[in-house]
Amino acid sequence: DALSTRVHSHQLKMAHRSDRHGGAVKRRAGVPAATPASTETARDAATDERAHPLAKWWAYAAVMRALKVWDAMATWKRYAWITLVVAGPYVAWVCYLWFHLQSGLLRPRVAVDHPRPVLIVGTQSSGTTQMSHQLARIGLEVGHETSDATWDFARDGTISWLHGMRFMPGRAQPATIASMCRRFRRNMGWHPAQFRAPALGCSYRSTWDACWSAECAGIVTREWGCAARGTCETPFDVSLLQLRHPLRTMESLAAKFCPPDDHLAGAFKPPHVDFLETAAALWPERTDWNTSGCVDALGWYVALYTRDMLAAKDAGFIADAYKVEDTPPCEVASRAGLLLTNARARGRCETVMRRRKEGVNGGVDGRGRATTTTTTAKGKNVRNENGRVRFQARDVVSGELRALIADVAARGGYRYDDEEP
C-alpha cells in the first residue's frame with residue numbers, strides 16, 4: 001500500500017509539472033485533466049441559448065460573419081485586404097483620370113500648349129468657385145484654379161485668380177519670385193501643379209520641396225506678363241474678367257483671412273500671414289501690408305488686382321468683363337464661344353431659356369433638368385454666411401485706397417458709397 005501511494009503521488013506531480021505530458025499521465029492514471037472546461041463553473045443553459053439583441057438584424061449577422069472570417073484569415077491576407085481598402089480608391093481614381101484624360105481612348109489628349117476656349121480671371125472671393133460649379137452643371141469642363149488638363153478636367157478652360165499673373169504689367173521682380181516660391185501657402189490656392197505637369201519631374205507625393213520651389217520660380221518667371229509678350233505657354237482663345245462688388249469681396253476675404261478681435265466687438269485682427277506674404281509679393285511697391293489693418297489690407301488687394309485686370313482689358317488682352325451678380329453661367333459660356341462647340345451645354349442652356357420664357361427663372365441640375373433656383377452669385381464655398389461680416393465705404397481708413405476702390409467699382413458698374421445696396 002505504501003508503494004502504491006508513492007507511485008500515485010509521483011504520477012500526480014508529473015501531471016502538474018508539464019501541460020504536454022500531464023494530460024497523458026492524468027488520463028493513464030484516471031485523474032481528470034486540468035483543462036479550462038474542467039475548471040470553469042457550469043453555465044446556465046438558458047444563458048447559452050439567449051440570442052444577442054441585435055442578432056435579428058442582417059447587418060449584425062454580416063459583421064459577425066466577417067469577423068469570423070477575419071479571425072480565421074492568415075496574417076498576410078489581412079495586410080493585403082487593408083492595403084486594398086486604403087489604397088484601392090486612390091488607385092481607382094488615378095486610373096479613371098488616366099483613362100479619361102491621358103489615354104486618348106475616349107477623346108484626344110490635351111497638351112499643356114494646346115489652345116483652350118476660355119480663361120476667366122477674378123480676385124479670390126469673387127465667386128470663381130461658384131461659377132466653376134455652375135459651368136460644370138451645364139456640361140463644361142472649366143477647371144477651378146488649374147489649367148493642367150492631364151490631371152484635371154480643364155479642357156474647356158480655366159477660372160482662376162492666380163492665372164491673372166499673365167496680365168500683370170512688366171516682368172516679375174526677383175523679390176517677387178523668391179517670396180512666391182519660398183514655401184507652400186495652402187490658404188492662397190497657389191501651387192505650380194496648377195499650371196502644368198512638373199517639367200522638373202517633381203513628385204506629387206510631396207506637397208512642397210526644393211524641386212517644387214524651382215518649378216515655381218520657372219512658372220512665375222514665364223507667366224508674369226506673358227500676355228503682353230505673347231509667350232504664354234497655355235493659350236486661351238478668349239479671356240474674361242469676373243467682377244464682384246469690391247466691398248462684398250472684401251467681406252468674404254475678411255471671413256476667410258481675418259480672425260475677429262476678442263477684445264473689441266466688430267473689429268478684426270490682421271490678415272493671415274499667407275495672405276500678407278502673397279499680396280506683398282504681387283505688389284511689392286506697397287510696403288505697409290503688415291501695418292494697414294484687416295480692412296485696408298484686403299481693400300488694397302482687391303483694388304490693385306482689379307486695377308491691373310481692367311488695365312489688361314483696356315489693352316485688349318482681356319476681351320470682356322461681367323458682373324457675377326447679374327451674369328448666369330449660360331451667358332458666360334456664350335461670351336466664351338463655348339455654346340457653339342459644345343452641344344450638351346447648348347442643349348442645357350436652351351432648356352433654361354425655354355423655362356424662363358415660361359416664367360420660371362432658374363438653372364439646370366447635373367442631369368440637364370431645369371431647376372427653379374437662382375444661382376449665379378456666391379453660393380458654393382460661401383464663407384461670409386448670413387452676412388456676418390459687413391463693410392461700408394467709411395470703414396476704409398486710407399483716403400488713397402477709398403479713391404482707388406471707388407474708381408475700379410465705377411469702372412465695373414458698381415456704386416461705392418455708404419448708401420450702396
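**Note on the predicted fold: loops, strands and cores**

1. Serine 125 is placed in the loop between β1 and α7; helices (H or I, at least four residues) and strands (E, at least two) are DSSP runs, numbered from the N terminus. The backbone at serine 125 has a positive phi of about 65 degrees, although the residue is not a glycine. Most residues other than glycine have a negative phi. Serine 125 counts as buried because its relative accessible area is 11%; buried means under 20% relative accessible area, exposed over 50%, and partly exposed in between (1.4 Å probe, protein chains only).

2. This is a predicted model, in which local features need pLDDT of at least 70 and side-chain atom pairs count only at pLDDT 80 or more, while totals for chains, interfaces and linings use all residues. Residues are numbered from 1 along each chain as its sequence is written, and side-chain values use heavy atoms, with hydrogens and water left out.

3. The average pLDDT of the protein chain is 84, and 79% of the residues score at least 70; pLDDT is the predictor's confidence in each residue, from 0 to 100. Residues 366-378 should be read with this in mind: their pLDDT stays under 50 throughout, and the model gives them 40 contacts beyond four places in sequence. Contact here means heavy atoms within 4.5 Å.

4. The protein chain contains 16 helices and 5 strands. Its 421 residues include 43% that count as buried. The accessible surface is about 23,200 Å², and carbon and sulfur atoms account for 56% of that surface; these areas come from the Shrake-Rupley method with a 1.4 Å probe, and for residues only the protein chains shown count as cover. Of the contacts between residues at least 6 apart in sequence, 67% join residues at least 24 apart.

5. Strand β4 (residues 236-243) pairs with two other strands; a pair requires at least two bridges found by DSSP. Strand β1 (residues 116-121) runs parallel to β4 and is joined to it by 5 bridges. Within this pair, arginine 116 has phenylalanine 236 as its bridge partner. Strand β5 (residues 320-323) is also parallel to β4, with 4 bridges between them, and here leucine 240 stands opposite aspartate 320. Strand β4 is mostly covered, 7 of its 8 residues being buried.

6. Which residues touch the most other members of the largest nonpolar core? They are Met180, Trp190, Val220 and Trp289, in a core of 68 residues. Helix α13 (residues 293-314) supplies the largest share of this core, 13 residues. A second, separate core has 20 residues, including Met131, Leu135, Val324 and Ala333. A nonpolar core is a set of buried Ala, Val, Leu, Ile, Met, Phe, Trp, Tyr and Cys residues joined through side-chain atoms within 4.5 Å. In soluble globular proteins, nonpolar side chains tend to be buried together. Beyond its neighbours within four places in sequence, valine 220 contacts Met165, Ala172, Ile177, Met180, Cys181 and Trp190.

7. Threonine 128 belongs to helix α7 (residues 128-137). Why does threonine 128 count as buried? It does so because its relative accessible area is 5%. Its side chain makes a polar contact of 3.1 Å with the side chain of histidine 144. A polar contact is a pair of N or O atoms within 3.5 Å; within protein, one must be able to donate a hydrogen and the other to accept it, and residues adjacent in sequence count only if both atoms are side-chain atoms. Apart from residues up to four places away in sequence, threonine 128 touches Gly122, Thr123, His144, Ile159 and Gln242.

8. Glutamine 102 is part of helix α6 (residues 75-102). Its relative accessibility is 16%, so glutamine 102 counts as buried. The side chain of glutamine 102 reaches the backbone oxygen of threonine 150 at 2.7 Å. Residues up to four places away in sequence being left aside, glutamine 102 touches Leu97, Arg109, Thr150 and Trp151.

9. Glutamate 145 sits in the loop between β2 (142-144) and β3 (157-160). Its phi is positive, about 60 degrees, although glutamate 145 is not a glycine. Glutamate 145 is buried, with a relative accessible area of 12%.

10. Phenylalanine 317 is found in the loop between α13 and β5. Is phenylalanine 317 buried, exposed or partly exposed? At 35% relative accessibility, phenylalanine 317 counts as partly exposed. From C-alpha to C-alpha, phenylalanine 317 and arginine 166 are 9.5 Å apart in space, while 151 residues apart in sequence. Not counting residues up to four places away in sequence, phenylalanine 317 touches Phe167, Ala227, Ala228, Ser239 and Ala312.
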